[in-house]
Amino acid sequence: MAEKNRLKGKRILIVDDEPDVLDTLAELLPMCDVTKASNFEEGKELLETRYFDLAILDIMGVNGYELLEIATERKVIPVMLTAHALSPESTVKSFKEGAASYIPKDEMGNITTYLNDILEAKANNRNFLWRWLDRFADYYDEKYGPDWKDSDKEFWDKFPYI
């Protein structure tokens with residue numbers, strides 16, 4: 001219940017080129033004011049002209065990294081959600097470029113939990129990434145093997161204080 005209360009009324013932009021992902025996320029976030037965009041141009045226009053608390057951005061198909069840059073400039077909390085670009089390297093790139101979280105699409109059913117983590121971190125003046133490894137280390141271990149952090153050891157040694 002706390003998750004829904006923290007998310008209640010939050011303005012969220014979702015940018016993804018897959019209509020089923022847009023619809024599923026909107027259904028999972030009925031307590032929020034959700035705006036959907038299905039391409040880069042639409043997402044860019046909305047980020048530049050309207051206020052959002054959070055932006056959930058796909059990487060492939062909508063130029064998610066450019067949208068990440070715009071969201072960060074506009075002080076919108078960016079969350080990357082991806083399937084095809086999922087890798088330890090793109091995770092690090094997303095965090096280095098300002099993403100508050102990086103969520104595999106097959107985990108989007110738990111989106112309220114992950115967004116709640118971010119809003120809780122914001123409310124308590126914590127780094128947005130404070131709970132990310134707790135949530136995803138096992139997932140990454142299973143998918144990429146136990147050495148997945150070795151590709152950028154310096155980054156992960158400082159995580160979440162990057």
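## A walk through the fold and its aromatic cluster

Starting at the N terminus, the elements of the protein chain follow the order α-β-α-β-α-β-α-β-α-β-α-α-α. That comes to eight helices and five strands; helices (H or I, at least four residues) and strands (E, at least two) are DSSP runs, numbered from the N terminus. Please keep in mind that this is a predicted model, in which local features need pLDDT of at least 70 and side-chain atom pairs count only at pLDDT 80 or more, while totals for chains, interfaces and linings use all residues. Residues are numbered from 1 along each chain as its sequence is written, and side-chain values use heavy atoms, with hydrogens and water left out.

Let us begin with the overall form. Along its principal axes, the C-alpha trace spans about 40 × 35 × 30 Å. Of the 162 residues, 51% count as buried, where buried means under 20% relative accessible area, exposed over 50% and partly exposed in between (1.4 Å probe, protein chains only). Among contacts with a separation of 6 or more, 56% are between residues 24 or more positions apart; contact means heavy atoms within 4.5 Å.

Now look at the rings. The structure holds 16 aromatic pairs. Rings of Phe, Tyr and Trp (its six-membered ring) pair if their centres lie within 6.5 Å; planes under 30 degrees apart count as stacked, over 60 as edge-to-face and the rest as tilted. The ring centres of W132 and W156 are 5.8 Å apart and their planes are at 25°, so this pair is stacked. It links distant parts of the chain, with W132 in helix α7 (residues 132–144) and W156 in helix α8 (residues 153–158), 24 residues apart. Both W132 and W156 are buried. For F136 and Y139, the centres are 6.5 Å apart and the planes at 90°, so that pair is edge-to-face. These two lie three residues apart in helix α7, separated by about one helical turn, and both are buried. Ring pairs also join residues into a cluster, including F95, Y114, Y140, Y144 and W148.

Next comes the region around α5. S87 is found in the loop between β4 (77–82) and α5 (88–96), and is buried with a relative accessible area of 17%. Leaving out residues up to four places away in sequence, S87 touches Y102, Y140 and Y144. Within α5, P88, S90, T91, V92, S94 and F95 are buried. The buried residues of α5 pack against α4 (64–73), β4, β5 (101–104), α7 and α8. Just after α5, G98 takes a positive phi of about 110°.

Finally, two charges meet rings elsewhere. The charged end of R11 sits over the ring of F52, 5.6 Å from its centre, and that of K93 sits over the ring of Y65, 4.3 Å from its centre. A charge sits over a ring if NZ of Lys or CZ of Arg is within 6 Å of the ring centre and within 35 degrees of the ring normal.
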